[in-house]
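Work through the following exercises with the model open. Each task is followed by a solution in steps.

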Amino acid sequence: MDILDDVLLKIKPADDENKRLDESIKNVIEKIKYHLNNIDADPILVGSVAKGTHLKNPDVDIFIRYSTHYPREFIEKNTLEIGSMVLENPVKRYAEHPYVHGYFNGFEFDIVPCYRIEDSKQKITAVDRTPFHTEYIKKNMNDEMKDQVRILKQFLKGIGIYGAEAKIEGFSGYLSELLILKFGTFVDLIKSASKWKAYKIITIEKINQKNLYEKFKNPLIVIDPVDPNRNVASALSLTNYSMFIHASREFLKNPS
C-alpha cells in the first residue's frame, strides 16, 4: 500500500539522526563505565533503539546490569547517583525499580538498574529479562520486519493504544515486535486481527497451549518466547484489545 510507504518515510529516523543518536549512546555508556569504577556491573543498550525498531526522536533505554551479589538497595541507589551525574535535567522515576530519566545531546534517556542473569527464568526483578528480549528480536528480525514494526507502532499511536503503562493499558513495543515476527507484515497482522475474538492465543515458539486460558485470563495471550510463564499482552485491557480489532477492520475497509 502506498499509504504505508508514505507513513514509513515520515516516522523512520534518517541516517543523520541515527548517526547523532549512536554517538550520544556511545558517550553515555562511556560516562557510565567511568562512574562505575570497580563495581561489577556493565551498561548495555536495550529496547527499541538496540533492536532497530525505533521511531524518530526515540527514548533510549540504558540498563546497568549488576552482579547478583549486590543487594537491591545498592543497585538502585548507585544507578540513581550515576544517572544524575551523566544525564542533563535528571529526574527520578519509578517502575519496579526507581530509575533516572533525563537528556543527552537532545535525546531522552532512561538509565535503569537490573541484575545480570544467565537465564531469563532466573529473574530477580521483572526488568532482568529485558536484555533477553532485545537479543531475541535482534536475532530473529530482519530489516524489512523492523520497518513493519515501525508502521504498527505508529498505527497503535494513532488510535491511542501504544504503551503498556497503567494509564494506557495498550500494546508495548516488545508486543508489537512479537506480533510482526508472528505475522510477517503489518497488513497480514491486521487482516488476522480483524477476525480475532476474545481470548486469542499467539505463540512464537512451540509450546503446550493446554490451560493457557485458565492460567492468564487476558483477552489477548502472547507467550513470551524467552519466558513461557509470561503473557506479553497482560497489560492490554479488553477495551483496547477491542479497539485494535475495530481499527484493523476500519483500516482494511478504508486505508487512511
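Buried means under 20% relative accessible area, exposed means over 50%, and partly exposed covers what lies in between. The model is a predicted one.

**Exercise 1.** Find the salt bridge between E135 and K138 and classify both residues by accessibility.

Solution. Step one: the side chains of E135 and K138 meet in a salt bridge, at 3.7 Å from N to O. Step two: both residues belong to helix α5 (residues 130–140), where they sit three residues apart, about one turn of the helix. Step three: E135 has 47% relative accessibility, so E135 is partly exposed. K138, at 41%, therefore also counts as partly exposed.

**Exercise 2.** Is D143 buried or exposed, and is K146 buried or exposed?

Solution. Step one: D143 and K146 are joined by a salt bridge of 3.7 Å, N to O. Step two: they are three residues apart in helix α6, so about one helical turn separates them. Step three: the relative accessibility of D143 is 58%, so D143 counts as exposed. K146 has a relative accessible area of 17% and is therefore buried.

**Exercise 3.** Describe the salt bridge of R150 with D147 and the setting of its two partners.

Solution. Step one: the closest N and O atoms of R150 and D147 are 2.9 Å apart. Step two: the two residues are three apart in helix α6, which means a separation of about one helical turn. Step three: R150 is at 5% relative accessibility and so counts as buried. D147, at 13%, is buried as well. Elsewhere, salt bridges with shared partners link D40, D42, R65 and R116 into one network. The count of salt bridges in the model comes to 14.

**Exercise 4.** How do the axes of helix α6 and helix α7 cross, and which residues make the contact?

Solution. Step one: two packed helices are described by the angle and the distance between their axes. Step two: the axes of α6 (residues 143–158) and α7 (residues 173–183) come within 9 Å and cross at roughly 125 degrees. Step three: α6 and α7 are therefore oblique to each other. Step four: the crossing of α6 past α7 is right-handed. Step five: α6 contributes M145, Q148, V149, L152, K153 and L156 to the contact, while α7 contributes G173, S176, E177, L179, I180 and L181. Step six: the contact residues comprise seven nonpolar, three polar and two charged.

Methods:
Residues are numbered from 1 along each chain as its sequence is written. This is a predicted model: local features need pLDDT of at least 70, side-chain atom pairs count only at pLDDT 80 or more; totals for chains, interfaces and linings use all residues. Side-chain values use heavy atoms; hydrogens and water are left out. Axes are lines fitted to C-alpha atoms, for helices over the stretch in contact, and angles run from 0 to 180 degrees between N-to-C directions. Helices (H or I, at least four residues) and strands (E, at least two) are DSSP runs, numbered from the N terminus. Angles under 35 degrees count as roughly parallel, over 145 as roughly antiparallel, 65 to 115 as roughly perpendicular and the rest as oblique. A crossing is left-handed if the near helix is turned anticlockwise from the far one by less than a right angle, and right-handed if clockwise. Contact means heavy atoms within 4.5 Å. Ala, Val, Leu, Ile, Met, Phe, Trp, Tyr, Cys and Pro count as nonpolar, Asp, Glu, Lys and Arg as charged, and the others, Gly among them, as polar. A salt bridge is a side-chain nitrogen of Lys or Arg within 4 Å of a carboxyl oxygen of Asp or Glu. Buried means under 20% relative accessible area, exposed over 50%, partly exposed in between (1.4 Å probe, protein chains only).
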